[in-house]
Amino acid sequence: MPFLRLLFLFGLGLLLAPPARALDLIEIHLSLLETDLSVRVSELRSPQSLLQGNSDLAQLD
């Protein structure tokens with residue numbers, strides 16, 4: 001019986017949850033260097049798009 005209640009609450013949570021959003025930007029905090037690094041996921045499709053992009057990783061070139 002507790003399993004069914006848990007399953008019901010999980011299903012209800014899925015129905016009431018907001019729609020998922022696509023991941024667009026990855027931000028990494030490098031604590032040893034005390035800096036942040038950002039990468040746009042769309043720039044990771046190919047090396048050319050990374051070199052032409054404007055995220056922090058693209059500007060390291």
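Tutor: Start with the side chains of arginine 40 and aspartate 24, which meet in a salt bridge at 3.3 Å, N to O. The term means a side-chain nitrogen of Lys or Arg within 4 Å of a carboxyl oxygen of Asp or Glu. Arginine 40 lies in strand E2 and aspartate 24 in the loop between helix H1 (2–16) and strand E1 (25–30), so the pair ties together parts 16 residues apart in sequence. Helices (H or I, at least four residues) and strands (E, at least two) are DSSP runs, numbered from the N terminus.

Tutor: A word on the source: this is a predicted model, where local features need pLDDT of at least 70, side-chain atom pairs count only at pLDDT 80 or more, and totals for chains, interfaces and linings use all residues. Residues are numbered from 1 along each chain as its sequence is written, and side-chain values use heavy atoms, leaving out hydrogens and water.

Student: Is aspartate 24 buried, exposed or partly exposed?

Tutor: Buried is under 20% relative accessible area, exposed over 50%, partly exposed in between (1.4 Å probe, protein chains only). Aspartate 24 is partly exposed at 45%, and arginine 40 is too, at 32%.

Student: How much of the protein chain is buried?

Tutor: Buried residues make up 10% of its 61 residues. The chain has 2 helices and 2 strands, in the order α-β-β-α.

Student: And where is leucine 44?

Tutor: Leucine 44 sits in the loop between strand E2 (35–40) and helix H2 (47–52), partly exposed at 46%.
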